[in-house]
Amino acid sequence: MKPLSDQVKRISSVLDKLAGLCIFSVMLLIVANIVLRTVFSQPILGTYELVGFLTALGVAFALAHCAFHEGHIAVSFIIERFPRKIQSITEVLVNIISLLLWAAAAWALTNFAQAMKLKKLVSPSAEIPVYPFIYLVALGLMGLCLVIFVKFYLSLRRTFGIGAAKKVTQ
């Protein structure tokens with residue numbers, strides 16, 4: 001399981017770097033738009049749309065890395081009061097429900113992107129095709145699903161005492 005966990009860590013790290021690139025691009029785009037609008041009275045066409053697309057990509061790509069390092073908010077003060085076995089079972093249930101939810105979201109987004117591709121939907125002012133961004137958000141969610149799958153597998157092993165399964169975080 002260690003090689004799979006390492007691969008998922010690498011994938012989440014690459015997605016996180018792409019997220020950082022997206023957010024950095026948003027910053028550059030906004031600054032360039034302000035400068036061009038102020039100095040030359042020529043704003044960048046579609047800045048609002050591009051900022052929206054890049055922000056969505058940044059969030060979607062960062063999810064897997066955040067989940068891998070358990071950077072999300074966890075409400076565990078109630079669960080911590082239960083016996084370890086109940087905590088383990090709860091962890092398995094939460095992971096499988098999360099995996100099913102995010103896998104369904106990725107699947108739905110992929111289908112939605114395909115529909116937008118067939119309809120040839122473009123953004124209003126810059127006329128940028130929308131479907132590639134939807135596919136990329138789905139890719140980010142698939143990265144999240146990989147992380148949740150590994151966490152599910154390890155929590156399942158811990159719950160049933162199979163091997164020395166440890167938490168994925170580092």
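Predicted model: local features only at pLDDT ≥ 70, side-chain atom pairs only at ≥ 80, totals over all residues.
1. Helix H1 covers residues 2-40. At 1.5 Å a residue, its 39 residues should span 57 Å, and the end C-alpha atoms lie 55 Å apart, which agrees. Just after H1, Ser 41 takes a positive phi of about 55°.

2. One set of H1 residues is buried: Ser 5, Val 8, Ser 12, Leu 15, Ala 19, Cys 22, Val 26, Leu 29 and Asn 33. An α-helix has 3.6 residues a turn, so residues three or four places apart point the same way. The cover over the buried residues of H1 includes H2 and H4.

3. The largest nonpolar core has 28 residues, and those touching the most other members are Val 8, Cys 22, Leu 57, Phe 61, Ile 134 and Val 147. At least two core residues come from each of H1, H2 (47-68), H3 (84-119) and H4 (131-159). Leaving aside residues up to four places away in sequence, Ile 134 touches Leu 109, Phe 112, Ala 113 and Met 116. In soluble globular proteins, nonpolar side chains tend to be buried together.

4. Leu 21, for one, is found in H1.

5. There are three salt bridges in the structure. One joins the side chains of Asp 6 and Lys 2, at 3.3 Å from N to O. Both residues are in H1, four residues apart, about one turn of the helix. Asp 6 counts as partly exposed, at 27% relative accessibility.

6. Lys 151 forms a salt bridge with Glu 70, with the closest N and O atoms 3.0 Å apart. Because Lys 151 lies in H4 and Glu 70 in the loop between H2 and H3, the pair ties together parts 81 residues apart in sequence. Lys 151 is buried, with a relative accessible area of 11%, whereas Glu 70 is partly exposed at 35%.

7. Arg 158 and Glu 91 also meet in a salt bridge, at 2.7 Å from N to O. Arg 158 is in H4 and Glu 91 in H3, so this pair ties together parts 67 residues apart in sequence.

8. Leu 93 is found in H3 and is partly exposed, with a relative accessible area of 47%. Its C-alpha atom and that of His 69, 24 residues apart along the chain, are separated by 19 Å.

Notes
Residues numbered from 1 in each chain as written. Heavy atoms only, no water. Core = buried A, V, L, I, M, F, W, Y, C linked by side-chain atoms within 4.5 Å. Buried < 20%, exposed > 50% of the residue type's maximum accessible area, 1.4 Å probe, protein only. Contact = heavy atoms within 4.5 Å. Expected span 1.5 Å × (residues − 1). Salt bridge = Lys/Arg side-chain N within 4 Å of Asp/Glu carboxyl O.
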